[in-house]
Amino acid sequence: ALRQLSVCGLLLGGTVLGLGQAPWPTWLANQRTAIGERRQWRLADGSLLHLNSNSAVDLLELGNQRRLQVHQGEVLIEAASPWLIACAQGRCLLQEGQLQLRLDPQPVRLSLYRGQASWQGEGALTDLAADHDYWVRDTQAQLAGPADIDRSRWQQGLLVAKQMPLAELLGELRRQRHGLLRWAPQVAALRISGVFPLDDTERVLQAVARTLPVRLHYRTRYWVSVEPA
């Protein structure tokens, strides 16, 4: 009953800023993934929806109304028809094309790889340029630069690093694994390149230790620290 009420509230109330601050929409989301799980759905209109690890959305297809309410994590939608993609910070109208939205870490990141889309927070409507990234700060979309399609390779189970700071790579691994993964500030800025399998984060950590001047310290298999060698 609570699930049905939450769905009705989304349909009738539009985007409610601050919705994602409460835990219950995430718990009651009708589509979600666990830590380390990534899933794909073929939708009724022919669109494809991908959810990254530890993500939660409400997927609503009612007649010609198609809406995706993102509560947590990261989504990639390949839209065959118009979709409204909403989160606590605002909403995006995707006419068609390929859009990625990531809620964590803050700020929200939008990537429009192709197609036509616009963003509305509290105030003005912003048209998004194809093949560009945007940061959403204080509900407003700000151009961040050219989009990198390799950032969407997680839906293929891959992490593509191009001179990526080690802290960013380890942050991506932390999203995909249980337990605690930490790193010393001294190693955060080290750079690494490569294509890494997200389904075997332990293998990736071992590759990092062979490539960079760092060592892995295990308190348990679920508590790992990356420290200077």
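**Close-ups of a predicted model**

**View 1. The second largest pocket takes up about 260 Å³.** This is a predicted model, in which local features need pLDDT of at least 70, side-chain atom pairs count only at pLDDT 80 or more, and totals for chains, interfaces and linings use all residues. Residues are numbered from 1 along each chain as its sequence is written, and side-chain values use heavy atoms, with hydrogens and water left out. A pocket here is an open set of points on a 1 Å grid over the protein atoms alone, where a 1.4 Å probe fits, with protein on both sides within 12 Å along at least five of seven lines; lining residues have an atom within 4 Å of a point. Its volume is the space filled by probe spheres set on the points, which are joined across faces, edges and corners. Of the 17 lining residues, Arg151, Leu159, Val160, Met164 and Glu168 sit closest to the centre.

**View 2. Who lines that pocket?** Strand S13 (158-165) gives the largest share of the lining, 5 residues. S13 and helix H3 each supply at least two. Helices (H or I, at least four residues) and strands (E, at least two) are DSSP runs, numbered from the N terminus. The lining splits into 6 nonpolar, 2 polar and 9 charged residues; Asp, Glu, Lys and Arg count as charged, Ala, Val, Leu, Ile, Met, Phe, Trp, Tyr, Cys and Pro as nonpolar, and the others, Gly among them, as polar.

**View 3. Three strands make an open sheet in the order S14-S17-S16, with mixed pairing.** The edges are S14 (180-183) and S16 (214-220), each pairing on one side only. Strands pair if DSSP finds at least two bridges between them. S14 runs parallel to S17 (residues 223-228), and 4 bridges join the two. Leu181 stands opposite Val224 in S17. Helix H3 (residues 166-176) packs on the sheet, touching S14, S16 and S17, and its direction makes about 175 degrees with that of S14. For such angles, axes are lines fitted to C-alpha atoms, for helices over the stretch in contact, and values run from 0 to 180 degrees between N-to-C directions.

**View 4. Gln176 belongs to helix H3.** Why does Gln176 count as buried? Because its relative accessibility is 7%, and buried means under 20% relative accessible area (1.4 Å probe, protein chains only). Beyond its neighbours within four places in sequence, Gln176 is in contact (heavy atoms within 4.5 Å) with Ile35, Gly36, Arg38, Asn52, Ser53, Leu198 and Thr201.

How values were computed: Buried < 20%, exposed > 50% of the residue type's maximum accessible area, 1.4 Å probe, protein only.
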